[in-house]
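Biologist: Before I plan anything, I would like to go through this structure with you. Could you bring it up?

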Amino acid sequence: MTHITESALLDAVPSTLFIGGRWEAAESGRTLAVFDPATGAVLKHVADAGPGDGLRALAAAASAADDWAATAPRVRGELLRGVFELVQKRTDDMALLMTLEMGKPLSEARGEVAYGGEFLRWFSEEAVRITGRYGSNPEGTGQMVVSQRPVGPAFLITPWNFPLAMATRKIAPALAAGCTVVVKPAELTPLTTLYLAKLFEEVGLPAGVLNVVTTSASAALAEPIIADPRLRKLSFTGSTPVGRTLIRQAAQNVLRTSMELGGNAPFIVFADADLDKAVDGAVAAKFRNIGQACTAANRFIVHRSVAPEFARRVVERVAEFTVGRGTEPETTIGPLITESAVEKVDALVHDAVARGATLLVGGRRRAGEGSFYEPTVLTGVRAGSDILREEIFGPVLAIVEFDEEAEAVALANDTEYGLVSYVFTENLARGQRMIDRLDTGMMGLNVGVVSNAAAPFGGVKQSGLGREGGAEGIHEYLSTKYTLIPGSTGL
Ligand code: NAP
């Protein structure tokens, strides 16, 4: 349990922009309010940056770029490692802060501190493993040297659902690669990023390497930054529609882009699945983060012979949940992020029921303060229901039944998304066929959570471009340089 009070913690969070190593108010003097989604109360006001502030942050990142690129990889790595250590020490505070501004239960927030912190450690280790290659050209007339260079100043835009991990998953590889950054967290959850910036300051990160701008006008702030020729990289995590807009804007200067976009994950349960594993996996893949994860299982595609038993067991587990403010120790399901999120989820449930689905539990918002939605299970969801096409982003488990393996594959692939898929089968050959046949960037075979700092996280189709984490993650921030040296082959 954390010992700090909520108000002392909130007081410890900076309320201004972090630009060029200084904490500064927005040029306009404006601030924005950050709310607790469990109560609707204002937690804190922070600076509300405008386009001028964004460009100042980019200028700071651009002027620090050469020195940072020339900083020894070991030094870059040690600074990241230092922040990793601080995050470990401040786990309780960071977890509470995320619970306050985003709503997730404290136990899950602690899990995110562990997961998010791990990117700092992983990339502190990767910083010193940036390699190239060397060899004779095929003609034997010269040496070919291939090296990796930092791509340059990067603009990092993060969503509200994992306030720490989505930031560290970008900041850590960028800094490890030798890139300076401007980070723009979501308006709904800026506090965790501001707190994190303070930790970077504490370990002595040089001024301008990391800059943070918080704003209520993300489009107005982002557009001039993306249009500025000093920017060389855009990394975005968020919804597919916003991702499309940003790709269009990035095309103007042919920016390198990484896009971690939406998902519509299928969760297939075959007749030969171990139902204990499948139900555990379903609870993790659906209800973690109150269903507000890009990796959340969106469509449960369950073999007709096991669907009633699977549904019965899932409903049993849902009955054990406690809905409440994430700060309460017994809470397992917190609030949704906003009132409009509740309305969207409710509309999806109503549409599914109107088209013939059976509501087994939940199906309504919780009365009283805060934006809560009851954990819900629907079965017999019919083709054409909106819930099969759209990201639910809420605690609603929707079951569709199938008979043949090919039908399950067709249903799973029937989406423009392709981030992650979950498959439950005890038949190894069938599991291997699914690896081949599902259009997906990631897959969990008999497991409901796949995220890991050592894994290349990312999607295919309209779930995005590029990978975060793993050995691949740092390459998003590196560009390849080839040099030919005629004369000696060196061999
Ligand atoms: P969002 O509305 O797309 O916002 C994401 C970020 O982009 C926020 O910081 C937002 O700022 C900013 N933004 C919105 N419009 C912008 C614009 N025109 N120009 C520049 N920035 C803009 O998404 P969200 O609702 O926060 O997050 C949920 C989505 O993220 C879901 O679709 C989820 O699947 C996806 N997601 C994907 C991954 C992944 O790794 N693939 C991980 C987590 C989440 P403001 O909110 O302040 O406007």
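Modeller: One term is needed at the outset: buried area is the accessible area, taken with a 1.4 Å probe, that two parts lose on being put together, summed over both. Please also note that this is a predicted model.

Biologist: Which domains does the assignment give for the protein chain?

Modeller: Domain 1 covers 6-261 + 464-480, and domain 2 covers 265-452. The contact takes 25 residues from domain 1 and 28 residues from domain 2. Their C-alpha centres lie 31 Å apart.

Biologist: What area is buried between domain 1 and domain 2?

Modeller: About 2,100 Å² is buried between the two domains, and carbon and sulfur atoms give 58% of that area.

Biologist: How many salt bridges are counted between domain 1 and domain 2?

Modeller: The count there is 2 salt bridges, while the structure holds 34 salt bridges.

Biologist: Let us turn to helix α2. What span should its 20 residues have?

Modeller: At 1.5 Å a residue, helix α2 (residues 51-70) should span 28 Å, and its end C-alpha atoms are 29 Å apart, which agrees.

Biologist: Where is the kink in α2 centred?

Modeller: The kink, of about 45 degrees, is centred on Ala-64. Ala-64 is also one of the buried residues of α2, which include Ala-57, Ala-61 and Trp-68.

Biologist: What covers the buried residues of α2?

Modeller: The cover includes α3 (73-89), α6 (165-177) and α8 (218-227), together with strands such as β1 (17-19) and β8 (181-184).

Biologist: And which residue forms a salt bridge with Arg-56?

Modeller: Arg-56 pairs with Glu-24, the closest N and O atoms being 2.3 Å apart. Arg-56 lies in helix α2 and Glu-24 in strand β2 (residues 22-24), so the pair ties together parts that are 32 residues apart in sequence.

Biologist: Are those two partners buried or partly exposed?

Modeller: Arg-56 counts as partly exposed because its relative accessibility is 26%. Glu-24 has a relative accessible area of 16%, so Glu-24 is buried; the cut-off for buried is under 20%.

Biologist: A different pair, then. What distance separates Arg-304 and Glu-401 in their salt bridge?

Modeller: The side chains of Arg-304 and Glu-401 meet at 2.9 Å, N to O. Arg-304 lies in the loop between β13 (297-303) and α11 (307-319), and Glu-401 in strand β16 (residues 396-402), so the pair ties together parts that are 97 residues apart in sequence.

Biologist: Which residues do salt bridges with shared partners join into one network?

Modeller: That network consists of Arg-22, Glu-24, Glu-27, Asp-53 and Arg-56.

Technical notes. Residues numbered from 1 in each chain as written. Predicted model: local features only at pLDDT ≥ 70, side-chain atom pairs only at ≥ 80, totals over all residues. Heavy atoms only, no water. Helix = DSSP H or I, 4+ residues; strand = E, 2+ residues; numbered from the N terminus. Expected span 1.5 Å × (residues − 1). Bend = angle between axes of the 7 residues up to and from the residue. Buried < 20%, exposed > 50% of the residue type's maximum accessible area, 1.4 Å probe, protein only. Contact = heavy atoms within 4.5 Å. Domains from an automatic or database assignment. Salt bridge = Lys/Arg side-chain N within 4 Å of Asp/Glu carboxyl O.
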